[in-house]
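Biologist: I have a model on my screen and would like to learn how to read it. Please take me through a few features.

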Amino acid sequence: MPQRTIVITGASDGIGAAAARNLANAGERVVVVGRSPEKTTAVGKELGTDFFACDFAELGQVRELAAALRERYPRIDVLANNAGGIMRGHELTVDGYERTFQINHLAPFLLTTELLDILTASRAAIINTSSAANGFGQIDLADLNSTRNYSTNRAYGTAKLANILFTAELQNRYGKDGISAAAFHPGVVATNFAAESTSWFRHAYKTVLNRFLLPAEQGAATLVWLASSTPGRDWVPGAYYAKRALAKANSQAYDAELAGKFWERSLELVSAGETRGQA
């Protein structure tokens, strides 16, 4: 099998870095993307792979990343949208969007849509890292910035639900063109995830409870499986997985009408962000 090109965001640490190591060791051409220039460079040099630093809190940087990927890689076989996390509190980005929502959903949505022509031509797999936290999320198209009744955990759950809706609608719109999309829950993994947030999740990651969490390699296992196996044969395109098996998601995740409207609203938001950036 010819070497494939696999782009992994959030790959400077945690399950993204673990997946990058696994896939690079398997002979794949891995492209490492991370927020920290220092950590991203370190992982890229360790693996001898290409690497790009990009802060998803700035959509302008996401557009620059997409342009750089388009220029460098005429074919992308797998795009793993893995970057994300829980934030410290309600905070707007420079683009004017709630930080959790932008980093976990709008930025990967923008990156994916900016690369869609290459991804469809490559018949690519697009893998979105979600979470079981989607269960306590709620998509309100009139309040995607969470200005009402905000909590760090609810905002995170909503963003992870957004990943699943995005996956379903991506498959609905572009499956016929060769795209195969999947979302997955990696498990509760022992990483720096949530360490800087105000969420109660941080206690598990920063205390003795950390010893009961999964190592990053195990958390990356489903991502690696989705990236390495055959959609349509080994997994169902458009679906949500945990531990390599179909998993139950929030009831909103199965609302096809909501998924379509949410896609259009997301497109409006990233387009508005581009207009602001050019002003």
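**Reading the fold**

Modeller: Start with contacts, meaning heavy atoms within 4.5 Å. Among contacts in the protein between residues at least 6 apart in sequence, 71% join residues at least 24 apart. This is a predicted model, where local features need pLDDT of at least 70, side-chain atom pairs count only at pLDDT 80 or more, and totals for chains, interfaces and linings use all residues. Residues are numbered from 1 along each chain as its sequence is written, and side-chain values use heavy atoms, without hydrogens and water.

Biologist: How many helices and strands does the protein have?

Modeller: Both are DSSP runs, numbered from the N terminus: helices are H or I with at least four residues, strands E with at least two. Here there are ten helices and eight strands.

Biologist: What share of the residues is buried?

Modeller: Buried means under 20% relative accessible area, exposed over 50%, partly exposed in between (1.4 Å probe, protein chains only). Of the 279 residues, 56% are buried.

Biologist: Why does N250 count as buried?

Modeller: Because its relative accessibility is 9%. N250 sits in the loop between β8 (245–246) and α10 (256–278). Its side chain reaches the backbone oxygen of G137 at 2.9 Å. A polar contact is a pair of N or O atoms within 3.5 Å; within protein, one must be able to donate a hydrogen and the other to accept it, and residues adjacent in sequence count only if both atoms are side-chain atoms.

Biologist: Which residues does N250 contact, leaving aside neighbours within four places in sequence?

Modeller: N134, G135, G137 and L161.
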